[in-house]
Amino acid sequence: MTTRVIEVDPGRFDRWMAGFAERHGPYDAAEETTPGGVVVSARAADGSTVVATPFAHEPLGVILVRRGGYAVGLASASAFTASKVGTRHVQSRTAAGGWSQQRFARRRGKQADELVDAVVGHARRVLLGDDESPATGADGIPHGLVVGGDRTLVREVLDAGALRALSGLPLRELYDLPDPKRDVLEQALRRGRAVRIELTETTPGGVS
């Protein structure tokens, strides 16, 4: 028995489930309505199971941060209505010990702080319309967030007081994404909107 996670575009989900039935036999399914959509749990004739979790929050915000750059976007359905992608250098290699090491660490810390401050500013403008205290659930304010990159930097961005309106929003975390570029931002949106399927198979080589 093997378990893996698959991400499927919402428009392909019914077809994916049809393929699951073809490979593993008829299945019994249960549905649970959540704020992010309908979670589907299914068990096929051969014992294989599916738990399919959507992330259907509209609008959807995206924040990606790594030490080489950042990307922020606000999306409705499958398209961004506003976005910002940029680079900002943060040294990553360690230096020699002693005084040089301490000076290097201070410089690197300062660069990381500047990166976080820059991303907070862009996120405030792109996701909140530069309003310090927008109404929760207001039009244009994201109802869910996709985050990725460096886990520590992402947390520092989200903890900033200027982004307190985003506190508590549902999160989809994608920390396996590469350095933020425009194509990576688009990839994050696709994966953020995808139905995340946990597939456990009793026989190898199931549908994907």
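The following conversation goes through the labels used for this predicted model and the values behind them.

Colleague: What makes the rings of Trp16 and Phe20 a stacked pair?

Modeller: The ring centres of Trp16 and Phe20 are 5.9 Å apart, and rings count as a pair if their centres lie within 6.5 Å. Their planes stand at 10°, and because planes under 30 degrees apart count as stacked, the pair is called stacked.

Colleague: Why is the pair of Phe20 and Tyr27 called tilted?

Modeller: Here too the centres are 5.9 Å apart, but the planes are at 55°. Stacked requires planes under 30 degrees apart and edge-to-face requires over 60, with the rest counted as tilted, so the angle of 55° places Phe20 and Tyr27 in the tilted class. The structure holds 2 aromatic pairs, and ring pairs link Trp16, Phe20 and Tyr27 into a cluster.

Colleague: How do Trp16 and Phe20 stand to each other along helix H1?

Modeller: Trp16 and Phe20 are 4 residues apart in helix H1, so about one helical turn separates them.

Colleague: How do you know whether Phe20 is buried or exposed, and what is Tyr27 called?

Modeller: Phe20 has a relative accessible area of 0%, and since buried means under 20%, Phe20 is buried; Trp16 is buried as well. Tyr27, by contrast, has a relative accessible area of 33%, and because this value falls between the 20% limit for buried and the 50% limit for exposed, Tyr27 is described as partly exposed.

Colleague: On what basis is Glu22 classed as buried or exposed?

Modeller: Glu22, which lies in helix H1, has a relative accessibility of 71%, and as exposed means over 50%, Glu22 counts as exposed. The C-alpha atoms of Glu22 and Ala44 are separated by 10.0 Å, the two residues being 22 apart along the chain.

Colleague: How is Glu201 classed, buried or exposed, and what joins its side chain to that of His24?

Modeller: Glu201 is found in strand E10, and its relative accessibility is 2%; because the limit for buried is under 20%, Glu201 counts as buried. Its side chain is joined to that of His24 by a polar contact of 3.0 Å, a distance that can be set against the cut-off of 3.5 Å for such contacts.

Colleague: What makes E1 and E2 the edge strands of the sheet?

Modeller: The sheet is open, with 5 strands in the order E1-E10-E4-E3-E2 and antiparallel pairing. Strand E1 (2-8) and strand E2 (27-34) each pair on one side only, and these are the edge strands.

Colleague: How do you know that E2 and E3 pair?

Modeller: Two strands pair if there are at least two bridges between them, and E2 and strand E3 (residues 37-44) have 8 bridges, in the antiparallel sense. Helix H1 (residues 13-24) lies across E1, E2, E3, strand E4 (49-53) and strand E10 (195-201), and runs at about 5° to E10.

Colleague: Which residues have the most contacts inside the largest nonpolar core?

Modeller: That core has 26 residues, and those with the most contacts inside it are Ile63, Val65, Val119, Leu127, Val157 and Leu166. Helix H2 gives the most to this core, with 9 residues. Leaving aside its neighbours within four places in sequence, Val157 is in contact with residues including Ile63, Val65 and Val119.

Technical notes:
Residues are numbered from 1 along each chain as its sequence is written. This is a predicted model: local features need pLDDT of at least 70, side-chain atom pairs count only at pLDDT 80 or more; totals for chains, interfaces and linings use all residues. Side-chain values use heavy atoms; hydrogens and water are left out. Helices (H or I, at least four residues) and strands (E, at least two) are DSSP runs, numbered from the N terminus. Contact means heavy atoms within 4.5 Å. Axes are lines fitted to C-alpha atoms, for helices over the stretch in contact, and angles run from 0 to 180 degrees between N-to-C directions. Rings of Phe, Tyr and Trp (its six-membered ring) pair if their centres lie within 6.5 Å; planes under 30 degrees apart count as stacked, over 60 as edge-to-face and the rest as tilted. Buried means under 20% relative accessible area, exposed over 50%, partly exposed in between (1.4 Å probe, protein chains only). A polar contact is a pair of N or O atoms within 3.5 Å; within protein, one must be able to donate a hydrogen and the other to accept it, and residues adjacent in sequence count only if both atoms are side-chain atoms. A nonpolar core is a set of buried Ala, Val, Leu, Ile, Met, Phe, Trp, Tyr and Cys residues joined through side-chain atoms within 4.5 Å.
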